[in-house]
Amino acid sequence: MRPADSPPAGSPALAQALHRYAPWALFVVALGVRAWRLSDQSFWFDEAMSLHWARQSPGDILRVGLALEQDPHPPLYYLLLHYLTGALGESEIAVRSLSVLAGALLVFPMYGLGRRLVAQAPGLVAALLVALNPFLVWYGQEARMYALAVALGTAGLYAFLRV
(Lines give C-alpha, C1' and ligand atoms only; values in the text may rest on other atoms or scores of the structure.)
Protein backbone atom coordinates (compact mmCIF):
# COMPACT_ATOMS: atom_id res chain seq x y z
CA MET A 1 0.00 0.00 0.00
CA ARG A 2 1.42 3.39 -1.01
CA PRO A 3 1.51 6.43 1.30
CA ALA A 4 -1.26 8.94 0.66
CA ASP A 5 1.22 11.71 -0.12
CA SER A 6 3.05 10.01 -2.97
CA PRO A 7 1.86 9.88 -6.57
CA PRO A 8 0.54 6.54 -7.83
CA ALA A 9 3.11 4.12 -9.22
CA GLY A 10 3.48 4.33 -12.99
CA SER A 11 1.92 7.79 -13.23
CA PRO A 12 3.16 10.03 -16.03
CA ALA A 13 6.04 12.38 -15.42
CA LEU A 14 3.72 15.38 -15.76
CA ALA A 15 1.55 14.17 -12.87
CA GLN A 16 4.63 13.61 -10.72
CA ALA A 17 5.94 17.08 -11.54
CA LEU A 18 2.53 18.56 -10.75
CA HIS A 19 2.48 16.81 -7.38
CA ARG A 20 5.95 18.08 -6.58
CA TYR A 21 5.92 21.65 -7.92
CA ALA A 22 2.31 22.88 -8.07
CA PRO A 23 2.01 23.53 -4.32
CA TRP A 24 5.23 25.56 -4.47
CA ALA A 25 3.91 27.54 -7.43
CA LEU A 26 0.71 28.24 -5.52
CA PHE A 27 2.78 29.30 -2.51
CA VAL A 28 4.62 31.83 -4.70
CA VAL A 29 1.27 33.07 -6.06
CA ALA A 30 -0.11 33.41 -2.52
CA LEU A 31 3.02 35.24 -1.42
CA GLY A 32 2.79 37.63 -4.37
CA VAL A 33 -0.90 38.35 -3.89
CA ARG A 34 -0.38 39.11 -0.20
CA ALA A 35 2.74 41.22 -0.78
CA TRP A 36 1.15 43.30 -3.54
CA ARG A 37 0.52 46.88 -2.35
CA LEU A 38 1.40 45.85 1.20
CA SER A 39 2.46 49.33 2.31
CA ASP A 40 -0.35 51.29 0.63
CA GLN A 41 -2.24 51.68 3.91
CA SER A 42 -0.87 53.10 7.12
CA PHE A 43 -1.17 51.06 10.29
CA TRP A 44 -4.65 51.07 11.76
CA PHE A 45 -5.36 50.88 15.49
CA ASP A 46 -5.28 47.08 15.90
CA GLU A 47 -2.03 46.83 13.94
CA ALA A 48 -0.55 49.56 16.12
CA MET A 49 -1.55 47.46 19.15
CA SER A 50 0.27 44.47 17.65
CA LEU A 51 3.35 46.63 17.28
CA HIS A 52 2.91 47.90 20.85
CA TRP A 53 2.92 44.34 22.21
CA ALA A 54 5.83 43.34 19.97
CA ARG A 55 7.89 46.18 21.46
CA GLN A 56 7.58 44.66 24.94
CA SER A 57 10.17 42.29 26.35
CA PRO A 58 9.61 38.57 25.65
CA GLY A 59 8.96 38.01 29.37
CA ASP A 60 6.26 40.68 29.44
CA ILE A 61 4.70 39.35 26.24
CA LEU A 62 4.47 35.88 27.79
CA ARG A 63 3.23 37.12 31.16
CA VAL A 64 0.47 39.31 29.71
CA GLY A 65 -0.31 36.96 26.83
CA LEU A 66 -0.75 33.87 28.95
CA ALA A 67 -2.93 35.75 31.43
CA LEU A 68 -5.17 36.93 28.56
CA GLU A 69 -6.10 39.98 30.62
CA GLN A 70 -4.86 43.03 28.72
CA ASP A 71 -5.01 41.36 25.32
CA PRO A 72 -7.20 38.37 24.44
CA HIS A 73 -4.79 36.85 21.93
CA PRO A 74 -2.22 34.17 22.76
CA PRO A 75 1.39 35.42 22.82
CA LEU A 76 3.02 33.43 19.98
CA TYR A 77 2.28 36.03 17.29
CA TYR A 78 3.62 38.87 19.42
CA LEU A 79 6.76 36.93 20.29
CA LEU A 80 7.45 36.20 16.63
CA LEU A 81 6.71 39.81 15.73
CA HIS A 82 9.04 40.99 18.52
CA TYR A 83 11.99 39.14 16.98
CA LEU A 84 10.99 39.98 13.40
CA THR A 85 10.82 43.70 14.06
CA GLY A 86 14.12 43.45 15.91
CA ALA A 87 15.66 42.05 12.74
CA LEU A 88 13.75 43.96 10.02
CA GLY A 89 12.56 47.17 11.66
CA GLU A 90 9.08 48.60 12.08
CA SER A 91 8.03 49.63 8.58
CA GLU A 92 4.59 48.58 7.33
CA ILE A 93 6.19 45.95 5.11
CA ALA A 94 8.41 44.54 7.86
CA VAL A 95 5.66 44.36 10.46
CA ARG A 96 3.11 42.86 8.06
CA SER A 97 5.56 40.36 6.56
CA LEU A 98 4.90 37.80 9.31
CA SER A 99 1.23 37.66 8.32
CA VAL A 100 2.14 37.59 4.63
CA LEU A 101 4.35 34.56 5.19
CA ALA A 102 1.86 32.78 7.46
CA GLY A 103 -0.97 33.39 4.99
CA ALA A 104 1.06 32.08 2.08
CA LEU A 105 2.23 29.03 4.04
CA LEU A 106 -1.42 28.08 4.51
CA VAL A 107 -1.29 26.73 0.94
CA PHE A 108 0.71 23.67 2.03
CA PRO A 109 -1.49 22.25 4.79
CA MET A 110 -4.62 23.01 2.75
CA TYR A 111 -3.16 21.13 -0.21
CA GLY A 112 -2.29 18.28 2.14
CA LEU A 113 -5.80 18.20 3.60
CA GLY A 114 -7.48 18.18 0.20
CA ARG A 115 -5.11 15.55 -1.09
CA ARG A 116 -5.49 13.37 1.97
CA LEU A 117 -9.27 13.66 2.24
CA VAL A 118 -10.16 13.51 -1.47
CA ALA A 119 -7.40 13.42 -4.11
CA GLN A 120 -4.58 15.44 -5.63
CA ALA A 121 -6.67 17.61 -7.96
CA PRO A 122 -9.11 18.73 -5.23
CA GLY A 123 -6.10 19.40 -3.01
CA LEU A 124 -4.67 21.72 -5.65
CA VAL A 125 -8.04 23.45 -6.07
CA ALA A 126 -8.28 23.94 -2.30
CA ALA A 127 -4.74 25.35 -2.23
CA LEU A 128 -5.57 27.68 -5.14
CA LEU A 129 -8.68 28.92 -3.34
CA VAL A 130 -6.62 29.58 -0.21
CA ALA A 131 -4.00 31.41 -2.25
CA LEU A 132 -6.56 33.75 -3.84
CA ASN A 133 -9.38 34.00 -1.27
CA PRO A 134 -9.97 37.74 -0.71
CA PHE A 135 -10.63 37.35 3.02
CA LEU A 136 -7.49 35.27 3.55
CA VAL A 137 -5.48 37.74 1.47
CA TRP A 138 -6.89 40.61 3.54
CA TYR A 139 -5.95 38.97 6.83
CA GLY A 140 -2.61 37.95 5.33
CA GLN A 141 -1.85 41.65 4.86
CA GLU A 142 -2.70 42.77 8.38
CA ALA A 143 -0.26 42.90 11.26
CA ARG A 144 -2.55 40.75 13.39
CA MET A 145 -2.45 37.11 14.46
CA TYR A 146 -5.29 35.89 12.23
CA ALA A 147 -3.23 34.51 9.32
CA LEU A 148 -0.91 32.70 11.71
CA ALA A 149 -3.87 31.23 13.62
CA VAL A 150 -5.47 29.89 10.44
CA ALA A 151 -2.17 28.47 9.17
CA LEU A 152 -1.35 26.76 12.47
CA GLY A 153 -4.91 25.50 12.92
CA THR A 154 -4.96 24.00 9.44
CA ALA A 155 -1.51 22.49 9.89
CA GLY A 156 -2.67 21.00 13.20
CA LEU A 157 -5.72 19.45 11.54
CA TYR A 158 -3.55 18.03 8.78
CA ALA A 159 -1.11 16.58 11.34
CA PHE A 160 -4.01 15.09 13.30
CA LEU A 161 -5.34 13.36 10.19
CA ARG A 162 -1.89 12.02 9.34
CA VAL A 163 -1.60 10.45 12.77
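A charge is said to sit over a ring if NZ of Lys or CZ of Arg is within 6 Å of the ring centre and within 35 degrees of the ring normal. Keep that in mind as you look at this predicted model, where the charged end of Arg37 sits over the ring of Trp36, 5.2 Å from its centre.

Let's stay with rings for a moment. A pair of aromatic rings is described by the distance of the centres and the angle of the planes. There are five aromatic pairs in the structure. One of them joins Tyr77 to Tyr78, with 5.9 Å centre to centre and 75° between the planes. Because planes over 60 degrees apart count as edge-to-face, this Tyr77 and Tyr78 pair is edge-to-face. Are these two tyrosines buried or exposed? Tyr77 has a relative accessibility of 1% and so counts as buried, and Tyr78 is buried too, with a relative accessible area of 4%. Elsewhere, ring pairs link Trp24, Phe27 and Phe108 into a cluster.

Setting aside residues up to four places away in sequence, Ser50 touches both Tyr77 and Tyr78, along with Leu81, Ala143 and Arg144. Ser50 counts as buried because its relative accessibility is 0%, and the cut-off for that label is under 20%.

You will find Pro58 in helix H3, residues 58-67. With a relative accessible area of 26%, Pro58 is partly exposed. Beyond its neighbours within four places in sequence, Pro58 is in contact with Leu79, His82 and Tyr83. Pro75 lies 17 residues from Pro58 along the chain, and their C-alpha atoms are separated by 9.2 Å.

Now step back to the helices. How do H1 and H7 run relative to each other? The axes of H1 (residues 13-35) and H7 (residues 120-132) come within 8 Å and cross at roughly 10°. Angles under 35 degrees count as roughly parallel, and H1 and H7 are therefore roughly parallel to each other. On the H1 side, the contact includes Ala15, Leu18, His19, Leu26, Val29 and Arg34. On the H7 side, residues making the contact include Gln120, Leu124, Ala127, Leu128 and Val130.

Note on methods. Residues are numbered from 1 along each chain as its sequence is written. This is a predicted model: local features need pLDDT of at least 70, side-chain atom pairs count only at pLDDT 80 or more; totals for chains, interfaces and linings use all residues. Side-chain values use heavy atoms; hydrogens and water are left out. Rings of Phe, Tyr and Trp (its six-membered ring) pair if their centres lie within 6.5 Å; planes under 30 degrees apart count as stacked, over 60 as edge-to-face and the rest as tilted. Buried means under 20% relative accessible area, exposed over 50%, partly exposed in between (1.4 Å probe, protein chains only). Axes are lines fitted to C-alpha atoms, for helices over the stretch in contact, and angles run from 0 to 180 degrees between N-to-C directions. Helices (H or I, at least four residues) and strands (E, at least two) are DSSP runs, numbered from the N terminus. Angles under 35 degrees count as roughly parallel, over 145 as roughly antiparallel, 65 to 115 as roughly perpendicular and the rest as oblique. Contact means heavy atoms within 4.5 Å.
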